[in-house]
Amino acid sequence: MDAYCTFEDAVRRVTALGHALPGEEVALAEAEGRVLAAPVLARIPVPPFTRAMMDGFAVRSADAQVPPVRLRVRTTTAAGDAAAPPLGPGEAVRILTGAPLPPGADAVVRFEWCDEPEPGVVTVLRRISPGESVQPEGDDAPAGSTLITAGTRLGPLERALAQTFGVARVRVRRVPRVAIVVTGSELVTTPETPLGPGQIYSCNDTLMAGLVASAGGQVMAVDVLPDHPDRIKEAIARHAAACDCVITTGGASAGDYDFIPSVLADLGGEMSVHKVWLRPGSPFLAARVGACTVFSLSGNPAAALVQFESLVRVWFDAALGRPAKPFPATGRLAHALHLKPVKHTRVLRARAALTDGVLTVDTSLAQSSGVLSSLVASNCLVRIDEPDLPAGTPVPLRWLPGCAP
Ligand SMILES: Nc1nc2c(c(=O)[nH]1)N[C@H]1C(S)=C(S)[C@@H](COP(=O)(O)OP(=O)(O)OC[C@H]3O[C@@H](n4cnc5c(N)ncnc54)[C@H](O)[C@@H]3O)O[C@H]1N2
Ligand code: MOO
């Protein structure tokens, strides 16, 4: 296979290569960044008992309809105490925020609305409604309710929620194991090493490792290899046997040292995508080698970023059982666009910002594949399918990792 496919077709084919990985149970404490394979259900109601929301006096609201009212104070209940015995008519319990209400009480009168004329007596100065300053058992959510849906990536908020509902273990997808093979005889990976003639400092090793982690994968290896087909072949074969995914960069196009297509063919790779009408990033291969998916990205870092964000990430979502959409958001062009008509889907780096409640996208950053510095000024990628678009046109958008508002 040596034919270009459309961007849409490439998305479909990459999605088809990603199968949801098996689920496994892990302790909540170890689940940061993991993706749920099953929903998290509340093990207990929260709050687990009806509790005071203010420091004050637990009362029967029926007793406090015509203030001022004198009530006998039975005892004090603080957070962590068991509930006081049932409250009779004309009685109150001094109660602190978070403490369980005694049976019979249906409201809390905050201290500010009370007088304490003598020990054991409280005067309620205001009319109190039932339920005042009280949170009923299960008000947040009852036991058995769905707290977090499958496919959600667990962060601090999700883990905190699960913990407060008494959930100790969660079912998550196995983490995709990923190897990165960066190719190019010109590459130097240690910036402290002076460059020789024709050499450049590599950035794809760092870029890909970071992107893989941001997509929920575990980087098992990063190899940086010269353009030597046997070494590249050996590395891909070795990693394909141990990993769910191998990502290569460089050598993907038509140059004399672009060995990747023939290496994948030699390895018996079932080619799913060869080239894509995508700019930047048309040299893109997706193949299955045994049980492993191999993505071969352009050596050009800006193109490799676009390929990862708009295609490879779709595979990670499928592997993690999440709905996949390359450009899930929408922004409006800040300026009109007039581009050369091409067959490609263009992906532009851009800076999106809210202006008067509208997400506005500024694409006036350097777009050359050879320019990386403008990437740091950008916070999103936008998809452009037409050469001429007026200002204000809605365009599909993906936030770059860590840039979503
Ligand atoms: N005759 C053709 N030439 C090219 C085509 C084509 O279709 N026909 N496609 C062009 C496009 S588009 C791109 S993009 C590049 C991609 O080519 P490769 O994937 O083979 O990448 P390389 O040639 O190995 O490298 C391209 C460029 O990027 C630099 N590079 C590579 N690796 C790294 C790295 N790890 N860190 C930083 N920079 C890297 C490399 O030195 C080159 O400058 O091909 C066009 N040519
Ligand atoms: O499409 Mo290449 O991927 O522009 O530089």
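Two cavities of 30 Å³ or more are present in the structure, which is a predicted model. A cavity is here a set of points, on a 1 Å grid over the protein atoms alone, where a 1.4 Å probe fits but cannot get out. Grid points are joined across faces, edges and corners, and a volume is the space filled by probe spheres set on the points. Local features need pLDDT of at least 70 and side-chain atom pairs count only at pLDDT 80 or more, whereas totals for chains, interfaces and linings use all residues; side-chain values use heavy atoms, with hydrogens and water left out. Residues are numbered from 1 along each chain as its sequence is written, and chains are lettered from A and ligands numbered from 1 in the order in which they are written.

The largest cavity has a volume of about 50 Å³. Its lining, made up of residues with an atom within 4 Å of a point, consists of Pro280, Ala302, Leu305, Val306, Val347, Leu348, Arg349, Gln367, Leu375 and Leu381. Eight of these residues are nonpolar, one is polar and one is charged; Ala, Val, Leu, Ile, Met, Phe, Trp, Tyr, Cys and Pro count as nonpolar, Asp, Glu, Lys and Arg as charged, and the others, Gly among them, as polar. At least two lining residues come from each of α6 (301-319) and β25 (345-355). Helices (H or I, at least four residues) and strands (E, at least two) are DSSP runs, numbered from the N terminus. Domain 1 (7-21 + 175-320) and domain 4 (329-399) each contribute at least three residues to the lining of the largest cavity, the domain bounds being taken from an automatic or database domain assignment.

The second largest cavity has a volume of about 40 Å³. It is lined by Pro341, Val342, His344, Arg346, Ile384, Asp385, Glu386 and Pro387. By class, this lining comprises four nonpolar, one polar and three charged residues.

The largest pocket holds about 400 Å³ of space. Of its 20 lining residues, Arg153, Ser214, Arg313, Arg322 and Arg398 are the closest to its centre. A pocket is an open set of points with protein on both sides within 12 Å along at least five of seven lines. Both α6 and β29 (394-399) supply at least two residues of the pocket lining, and α6 gives the most, with four residues. The lining of the largest pocket is divided into 11 nonpolar, three polar and six charged residues.

Seven helices and 29 strands were assigned in the protein chain. The radius of gyration of the chain is 30 Å, well over the 22 Å that the globule rule gives for 405 residues, so the chain is more spread out than a compact globule. This radius is taken over C-alpha atoms, and the globule rule is 2.2 Å times the number of residues to the power 0.38. Along the principal axes, the C-alpha atoms fill a box of roughly 95 × 50 × 45 Å. Of the 405 residues, 47% are buried, where buried means under 20% relative accessible area, exposed over 50%, and partly exposed in between (1.4 Å probe, protein chains only). Among contacts (heavy atoms within 4.5 Å) with a separation of 6 or more, 71% are between residues 24 or more positions apart.

Threonine 249 belongs to strand β18 (residues 245-249). Threonine 249 counts as buried because its relative accessibility is 0%. Leaving aside residues up to four places away in sequence, threonine 249 touches Val181, Val182, Thr183, Asn204, Met208, Leu297, Ser298 and Gly299.

Most residues other than glycine have a negative phi, and most peptide bonds are trans. A cis peptide bond runs from proline 67 to proline 68, with omega near -5°; proline 68 lies in the loop between β5 (56-59) and β6 (69-77). Arginine 279 and proline 280 are likewise joined by a cis peptide bond, with omega about -5°. Proline 280 is in the loop between β20 (278-279) and β21 (283-289) and is one of the residues lining the largest cavity.

Serine 133 has a positive phi, near 55°, and is placed in the loop between β10 (121-124) and β11 (134-135). With 14% relative accessibility, serine 133 counts as buried. Aspartate 356 also has a positive phi, near 50°, and is situated in the loop between β25 and β26 (358-362). Aspartate 356 counts as exposed, at 82% relative accessibility.
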